[in-house]
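Visitor: I'm new here and would like to learn how to read a few features. Could you walk me through them?

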Amino acid sequence: MKTKTIIFFIILLFSKLYAENQKTFLHFDGREGEIINAISDGVIKDLGFDEEKGMFVTVNYEELGMSVTYCNLNSFFVKRRQHIKKGEKIATIGMTGNVANAGVNLSIEIDDNIFLFSR
């Protein structure tokens, strides 16, 4: 449980939190072409293009009890339903969504059955 709590706080400390149209996302500045790696073992739930998100990949990190959607990507290294390992390349940062500068936007969905702040 401590790993989940630490990851959550690191994400909040090193990102910018935005809320637009009742959708909350975290933004990490980056350079176009920088590689995004998996934070844990997981499965690619979805990927594609959306006018708001740009190119995106959604990864289900079951062990961590969450799904993360990485937005504003430039290219993919994965495909739907692919099992990935911690540290494996997922995608590269781009400017394909509704953004002013390069970086990656994250949307995090926490599993209701996970209690992050345990003692």
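Guide: Let's begin with charges over rings: a charge sits over a ring if NZ of Lys or CZ of Arg is within 6 Å of the ring centre and within 35 degrees of the ring normal. Here, lysine 53 lies over the face of phenylalanine 56, 4.6 Å from the ring centre. The charged end of lysine 89 sits over the ring of phenylalanine 77, at 5.5 Å from its centre. By the way, this is a predicted model, where local features need pLDDT of at least 70 and side-chain atom pairs count only at pLDDT 80 or more, while totals for chains, interfaces and linings use all residues. Residues are numbered from 1 along each chain as its sequence is written, and side-chain values use heavy atoms, with hydrogens and water left out.

Visitor: Is histidine 27 buried or exposed?

Guide: Buried means under 20% relative accessible area, exposed over 50%, and partly exposed in between (1.4 Å probe, protein chains only). Histidine 27 counts as buried because its relative accessibility is 7%.

Visitor: And which side chains make a polar contact with the side chain of histidine 27?

Guide: A polar contact is a pair of N or O atoms within 3.5 Å; within protein, one must be able to donate a hydrogen and the other to accept it, and residues adjacent in sequence count only if both atoms are side-chain atoms. For histidine 27, one partner is the side chain of aspartate 29, at 2.9 Å, and another is that of asparagine 105, at 2.6 Å.

Visitor: What about glycine 54?

Guide: Glycine 54 is buried, because its relative accessible area is 0%. Its C-alpha atom is 9.0 Å from that of valine 99, 45 residues apart along the chain.
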